[in-house]
Amino acid sequence: PSLVSQITMFRIAHYDTAPPSVAPSLDTSHHDPKIANANQYTVRFMIRLPPDDCSRSAAALSHFACLKALQAKDPSLTIYTNSGQALTTFPHHTIPPFRYQILDKDEAIRRQPAALVVHRIYSRQPFHLLRKSISSTLYVKKTRMHQHLWTEDEARIVNLGFLLGTDPHSTPRNYVEQNTLNSIMAMTNTPLHKIPKFHCGFIRPCYIDKTGTKTKTASYDIQCKPEDAQTLLSLLARTYDHHEFCFHKIRHHSPTKYSQAITQQNNFLRNSRVIPIAGLFPDSMSDFKAEILKLHGSPTLVPHPNPLFKGRWNIMTTNKHFKSVTQAVNALIPRFTPITPGDTPLCLAFKNTPWFLNPKYTQRNRITHKPAPTKTSPSPSFDSTDFPPLISNHESTGSNSSDLFSQQSTQHMHQEPQHQRLCH
């Protein structure tokens, strides 16, 4: 081996003999002014180690490979070590002071041991794009990269279970945490100071059956410190039933119930619809929320997931009541005018207006046309504007595809032939 590789292996071997807590506690109050406009992320790396080499040097090599890949994809990325040192390059002769915690098989609840490291990074790109850009490197190095919701000193976190009946794509995390805390206090009569600290993070629980079929879903996961797990588990068991919360521990002793919970969450997400609105500010919030609760279909008003969008809210409903609730909300909007000058007026924030709110299309349905002649004639030509707009994602129409097809067919059956329109 070359001289550089010999020096590198000597440094790594010396790093393995150092105590685990060699790095001091990080002071997160200091920020570099050069990266003030960047996003701060606390990143958690879980590195799978081979059974014959459960050392911190093996974890450091995989960790460095992932960091180099991140820096290659985003040159403006700034990495902070656990000692508060900004790391912009990766020289071969030095080892940055990261804290690597080795987890054995029983502690990691996996088939092989793992290493855990948590530190900060600054980037102008969203976190999910950063992780997607190095997905191949993470797969080769057997490493998982997640956004850590806790501080760097609180690296070991346990996941208790995931919520059922919650849409993580349209509901902000802080809103779900506050609702969970209020439910625990109401159902268990436990004061706030006796409830352990917890966070709700995005998770994709999955289950693989005996045939190898993988089923996964998306939800919010409740996580806490290991010393608070037993207390919080008992509070959650008294607060939720099996239709509202699924514990991760039943995956091992009752796989059928775990797969049924994943299927239930998938059915909820498939049946969930979102009505986005804009221009709803605190001065008219209480009156508008009272009117929403009176509507049929039990709609729920939740904040927009992005806090930068001021006045944006989401009305959660189902496929069955999407059309009726949207029409009712559209009728309520003229009653609410902005009180503060300069505020955005209340309106629906659909990217594309649903077809049942289009007055042009609604007026065409009311027009009665003469029946088409029975004699053989050329097929009438139709313009693309005769079709209602098809909208995707959560902002799509509330009708099924069969209903939409029947409406299009009825409209075309009553359409007047082209040669008869020319005669008129």
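**View 1. Contacts of I222 in the predicted model.** Leaving aside neighbours within four places in sequence, I222 is in contact with V158, N159, L160, G161, L163, T180, F198, H199, C200, L232, L236 and F245. Contact means heavy atoms within 4.5 Å. This is a predicted model: local features need pLDDT of at least 70, side-chain atom pairs count only at pLDDT 80 or more, and totals for chains, interfaces and linings use all residues. Residues are numbered from 1 along each chain as its sequence is written, and side-chain values use heavy atoms, with hydrogens and water left out.

**View 2. The largest nonpolar core.** This core has 28 residues. L160, F162, F198, I222, L232 and L236 have the most contacts inside it. A nonpolar core is a set of buried Ala, Val, Leu, Ile, Met, Phe, Trp, Tyr and Cys residues joined through side-chain atoms within 4.5 Å. Buried means under 20% relative accessible area, exposed over 50%, partly exposed in between (1.4 Å probe, protein chains only).

**View 3. T217 and its surroundings.** T217 counts as buried because its relative accessibility is 2%. The side chains of T217 and N266 are joined by a polar contact of 2.8 Å. Such a contact is a pair of N or O atoms within 3.5 Å; within protein, one must be able to donate a hydrogen and the other to accept it, and residues adjacent in sequence count only if both atoms are side-chain atoms. Beyond neighbours within four places in sequence, T217 is in contact with I203, R204, P205, I262, Q265, N266 and L269.
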